[in-house]
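Subject: Structure for your review

Dear colleague,

My notes on it follow.

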Amino acid sequence: MMRRLAIACGLAMMGCAGRQNFYAPAEARRPIEGAAAELGAVVAMYEPAADLHIAGGVDHLVQAGQWRWTGRRPTLRFRVANAEGARLVMDFAIAATTFAQTGPVTVSFLVNDRLLDRVRYDAPGEEHLEKPVPPGWLRPGSDNFVVAELDRVFVSPKDGAELGLILSRAGFVR
Amino acid sequence: MPQAFYILLGAMVTVLTCLALGALLFRRLALTGHRGEMIWLEFFAGAACLHLIVFALATAGLARKGVFLAVAGLAVAGALRWRDPLARRPRLPALPRLATALFGAVFAMFAVLYLVNAMAPEYSPDGSSYHLGLVARYYREHGFRRITNNMYANLSQGLEMLFLFAYSVGRHSAAALVHCAFLLAAPLAMLSYARRFGFGRAGAAGALFFFLSPVAGRDGTAAYNDVAVAAVLFALFYLLEIWREEQNDRLLIPAGLLAGFAFAVKYTAFLAVPYALGVVAWKLVRMRRPLLKPLATLALAALVMAAPWLAKNALWLGNPVSPFFNAVFPNPHVHVSFERDYARYMRHFGEVESYASVPLETTVGGGKLGGVVGPLFLLAPLALLALRYPHGRRLLVAGVVFGAPYLANIGTRFLLPLLPFLSLALALAVRNSRGVAVLLVAAHALASWPAALAAYVSPYAWRLADLPLEAALRIEPEEHFLRRVSSGYLAARLIEEQVPPSDRVLAFTQIPEAYTSRQVAVAFQSAHGELLRDFLLTPLIPDLQPVEGLRFRFPETPLRRLRVVQTASGESDQWSVTELRVLRGGRELARDGRWRLRAHPNRWDVQLAFDNSPVTRWRSWRAIEPGMFLEVDFGRLESADEVLLERSPDQYKAHNRLDGLDASGRWRTLAAAGEPLTLPKKSGLRRAAVEEVKRSGIKYLLVFDEDFGAGDFLGNFGLWRIKPVSERAGARLYRID
């Protein structure tokens, strides 16, 4: 009889699992220190961390939840854990509306002030740059700067604002 | 011994045990029937009995090969000991010789195709992921364990119990072969039924209409359960038809067992029980016979089969029909929002804009709804001509009842429960048109053969593609075959090779869990998985981050409780609170151990709003409704003058009020609305998210290249504090440091 009772109690307790109504406060999490903790090797422009990566030349507004306008000399910073085999990647586009004014655009890609590549874009459209970074150019654990320098930009006839590239993503991959 | 031998042995032992148990049951009930007919009914009823025995063994932790073989031995020995001399049974009305030959030739051709495919290594999406993933786990652990992170473990698993029996001897392909046995038995049962009731030739055509249907062939040769459901439902119908004719109430016991077993194989067959009760009640009323005893017999037998699954879920998950009806049975394991989204998806399959496209998609398209029943079924409306015949009417009524759940899931394979009835009705409809049935069978056979199918269905249609004889016989090694055809298999083996046995993996996409012994929590498969995914998405999606505040200010008051109440409603929005802080004089009150926290709904996650983490949040996990609340009981009188909610912007409709329980024990509104604030963005979210995942016991992440955020995990693994371990076929495994 006692055994049956014990089994019944056990079953009832199992059935009551998750029926607790009140809870004590959870163990408080410690804050993660330091903004630099967010600085990574690659960033998409829609990410909140993108603001930390932008050293200049990129608009603060995210357009269509995906991309941002750059100016003439967008500059971004990244941290890499390991420089070996790193490749610079950049996803961007040249807008037809800006291209109509600027015509072909030549972009110089610099890594830590060294010229990695210079590419002429003869038509508007989406572009993907991926280029190996020579050994010794990147500094693991420190800020590494990437610059995309445009030879010409769209200048708004209304307010003189400069529009360069539509930037979606940039950074270093391995 | 070669692997192929064990595969066949596992399947044969299971099928023989089903037959033996069915024969014992029918002998015990003194049910004889016609020669050549009872074997099919005994098989299905025996399968129901074996499922219950395996369920009991798995509950007792005795799911072992030796135990299963002992059960098989006892069942077969018993059946031989108490066998029924066939000579005493009357014969079924004979089928004309030509019809027999034609039926036999077509049946044999497709039976070979099906057996070879079923015996080939199992890599079907659901079969290799959860049907056999769970079976493999039960076998490793010798029975059931409480599984709360995989909603598929909560479904009734009647056929999986038979799979488990076969798996113990022949592993994955033996299980698929057991399902194939249902596929082979179903048309033979259909033919027997038609012969018994005097339309054997039409029955032969109808049986082949079902048997040759491409979706039946694909499903029935994989470790799925849809063909088994169709077969069991037909067997139930068949038994009830015999009962209707013979008025032998002992038939109601196997009929009840089959009705309950149909539910035990798949929830969507739940209508089997009310159907059976309805048919019996209707007949009894018309005959002016007493209702109670026959109906009670039927219901009780059904309950024996269905109740174990309901009880298992009720005890372990707090919801007897989990993963459904979570709003009726609130529980921490499946979110109401998930159920709603899942049901909505199943009703439309994401890609099907209009029900008008379903007939073509399910007959000749197949890319959007997972396979085709075959172009023959474009003639389905002709089946209405069978209404001329009493059997046609009964077939169509059964088809309508068993096909009704299709409206809730429009995948082609969910038509299978309806298909045997529709097939026979269609064949009955053309029975008087000489040669038409033969022509239809021939056209259906041609259109259903793999090479012909490839010519007209979508390349993405789920179907049998060829006759993998070398793989079936393991001349091509299983490992080689699976590596060739299944990228998911590679991911499963990656986990098996790289993850220690005691460590758990979180994946965002389902993988063939049947091929790894490690525990993989797939994010969408449980409330807990969804929670972990929410943590990991927060650093990637600004709308999930706590960048908005809602400040409630009120004159300093001693309070026993504070309650933030939702006053708005919204169809798609969910209410969430990342952090709830109580302040006095601008300083936050320390949350001490006397505080008691409550929430409605989703009370289980209330602590997430009181843990100081920017990536965890309490969510309603259902659409916003007035009356939802978060509550702090201070456990004493506590003076406060401000409450601050930190929250994410993805709750456009939310509107809150602050209530307080004062010293006199009276609830009153302290602030009718909050003052919106903009909060600074938090840093270190990736690390915080991974720490939460780690806290839950997960040690590894499996991320496919197509998964959301895959690029960020790879590009910024240092920030996440995860380490890439290995990559295979687009699946990357990360270890959490």
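Accessible areas come from the Shrake-Rupley method with a 1.4 Å probe, and for residues only the protein chains shown count as cover. The accessible surface of chain A comes to about 9300 Å², and 55% of that surface belongs to carbon and sulfur atoms.

Two remarks on conventions come first. This is a predicted model, in which local features need pLDDT of at least 70 and side-chain atom pairs count only at pLDDT 80 or more, while totals for chains, interfaces and linings use all residues. Residues are numbered from 1 along each chain as its sequence is written, chains are lettered from A and ligands numbered from 1 in the order in which they are written, and side-chain values use heavy atoms, with hydrogens and water left out.

Chain A

Helices (H or I, at least four residues) and strands (E, at least two) are DSSP runs numbered from the N terminus. Chain A has 3 helices and 11 strands, and from the N terminus its elements follow the order α-β-α-β-β-β-α-β-β-β-β-β-β-β. Buried means under 20% relative accessible area, exposed over 50%, and partly exposed in between (1.4 Å probe, protein chains only). On that basis, 41% of the 174 residues of chain A are buried. With contact taken as heavy atoms within 4.5 Å, 68% of the contacts in chain A between residues at least 6 apart in sequence join residues at least 24 apart.

Helix H16 of chain B

Helix H16 (residues 419-429) of chain B is largely enclosed by the rest of the structure, because 11 of its 11 residues are buried. Among them are B:Leu419, B:Pro420, B:Phe421 and B:Ser423. The cover over the buried residues of H16(B) includes helices H6 (158-196), H7 (200-212), H9 (226-246) and H15 (390-403) of chain B.

A cavity is defined on a 1 Å grid over the protein atoms alone, as a set of points where a 1.4 Å probe fits but cannot get out; lining residues have an atom within 4 Å of a point. Grid points are joined across faces, edges and corners, and a volume is the space filled by probe spheres set on the points. The count is 6 cavities of 30 Å³ or more, and the largest cavity holds about 120 Å³ of space.

Helix H5 (125-140) and strand E2 (519-522) of chain B each supply at least two residues of the lining of that cavity. The largest share, 4 residues, comes from H5(B). The lining includes B:Gly133, B:Arg137, B:Asn149, B:Glu513 and B:Gln519. Ala, Val, Leu, Ile, Met, Phe, Trp, Tyr, Cys and Pro count as nonpolar, Asp, Glu, Lys and Arg as charged, and the others, Gly among them, as polar; the lining has 3 nonpolar, 5 polar and 4 charged residues.

Two further residues of H5 deserve a note. B:Tyr130 lies in helix H5 of chain B and is buried at 9% relative accessibility. Beyond four places in sequence, B:Tyr130 touches B:Tyr152 and B:Gln510. B:Asp126 also belongs to helix H5 of chain B and is buried at 14% relative accessibility.

B:Gln566

B:Gln566 is in strand E3 (residues 548-566) of chain B and counts as buried at 1% relative accessibility. A polar atom of the B:Gln566 side chain lies 2.9 Å from the backbone nitrogen of B:His655. Leaving out residues up to four places away in sequence, B:Gln566 touches several residues, including B:Trp575, B:Glu625, B:Met628 and B:His655.

Backbone geometry

Most residues other than glycine have a negative phi, and most peptide bonds are trans. A cis peptide bond joins B:Ser322 and B:Pro323, with omega about 10°; B:Pro323 is in the loop between helix H12 (292-317) and helix H13 (336-348) of chain B. Another cis peptide bond joins B:His600 and B:Pro601, with omega about 0°, and B:Pro601 is in the loop between strand E7 (596-600) and strand E8 (618-623) of chain B.

B:Asn612, found in the loop between E7 and E8 of chain B, has a positive phi of about 70° and is partly exposed at 31% relative accessibility. In chain A, A:Asn112 has a positive phi near 50°; A:Asn112 lies in the loop between strand E5 (105-111) and strand E6 (114-121) and is buried at 13% relative accessibility.

With kind regards

How values were computed. On a 1 Å grid over the protein atoms alone, a cavity is a set of points where a 1.4 Å probe fits but cannot get out, and a pocket is an open set with protein on both sides within 12 Å along at least five of seven lines; lining residues have an atom within 4 Å of a point. A polar contact is a pair of N or O atoms within 3.5 Å; within protein, one must be able to donate a hydrogen and the other to accept it, and residues adjacent in sequence count only if both atoms are side-chain atoms.
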